[in-house]
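Here are my notes on the model, as numbered points. Please read them beside the coordinates.

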Amino acid sequence: MEALRQQISAMRQSFFDEDILDTHIFQLEQVEHISDPSLFEDFVNVYLRDSTKTLAIIEEEMANNPVNYMDLDKYFHQLKSSCNCIGANKVVNEAKKAIELCKEENLEAAKASFEKMKVEHTTLKTKLQAYLELVAQLGSA
């Protein structure tokens, strides 16, 4: 059990060291034990579900001809806001770039930024899911 705790701690630290997440999201873990044992997991799962949907919408919008930059801007802002709530730093940074590129109507550069954003989101999603699995193992031990 101690090895599992150390693995969870190391994984949590890796989120910070790699600037994937900031510390705010993990404060929710401390609150969850007091109020609702599944609060942290629910919050993460809602974020992952909604952000994945928003990424799919953005991809569809970018494929439109002509591109509606106002709609793209709206969806990038929506994604940036949800990522800010969870502290997803790298995804937020790419969303900011994409927003600026949409203002300039620079579709090719916005697409490149979007591709980086999808990679960062996939990395975040994979790591968060692995983290939640470890926490669940600890909870059932």
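1. Handedness first. The crossing of α4 and α5 is left-handed, meaning that the near helix is turned anticlockwise from the far one by less than a right angle. The contact (heavy atoms within 4.5 Å) draws on Y69, L72, D73, F76, H77, L79, K80, C83 and N84 of α4, and on V91, V92, A95, K96, A98, I99, C102 and K103 of α5. By class it holds 11 nonpolar, 2 polar and 4 charged residues. Ala, Val, Leu, Ile, Met, Phe, Trp, Tyr, Cys and Pro count as nonpolar; Asp, Glu, Lys and Arg as charged; the others, Gly among them, as polar.

2. Provenance. This is a predicted model, where local features need pLDDT of at least 70 and side-chain atom pairs 80 or more, while totals for chains, interfaces and linings use all residues. Residues are numbered from 1 along each chain as its sequence is written, and side-chain values use heavy atoms, without hydrogens and water.

3. Geometry of that pair. Helix α4 covers residues 69–86 and helix α5 residues 89–103; they pack at about 160°, axes 9 Å apart. α4 is therefore roughly antiparallel to α5 (an angle over 145 degrees). Axes are lines fitted to C-alpha atoms over the stretch in contact, with angles from 0 to 180 degrees between N-to-C directions. Helices are DSSP runs (H or I, at least four residues), numbered from the N terminus.

4. A second pair. Helix α3 (residues 39–63) and α6 have axes that come within 11 Å and cross at roughly 160°. That makes α3 roughly antiparallel to α6. The crossing of α3 and α6 is left-handed. Their contact has 15 nonpolar, 5 polar and 6 charged residues.

5. The search of the whole structure gives 1 cavity of 30 Å³ or more. A cavity is a set of points on a 1 Å grid where a 1.4 Å probe fits but cannot get out; lining residues have an atom within 4 Å of a point. The largest cavity holds about 40 Å³, the space filled by probe spheres set on the points. Its lining is I20, A88, K90, V91, E120, T123 and L124. α5 and α6 (107–140) each give two or more residues, and α6 gives the most, with 3.

6. Backbone checks. Most residues other than glycine have a negative phi, and most peptide bonds are trans. D19, not a glycine, has a positive phi of about 55°. D19 sits in the loop between α1 (2–17) and α2 (24–32). N65 and P66 are joined by a cis peptide bond, omega about 0°. P66 lies in the loop between α3 and α4.

Notes:
Parallel < 35°, antiparallel > 145°, perpendicular 65-115°, else oblique. 1 Å grid on protein atoms, 1.4 Å probe; cavity = no way out; pocket = protein on both sides within 12 Å on 5 of 7 lines; lining within 4 Å.
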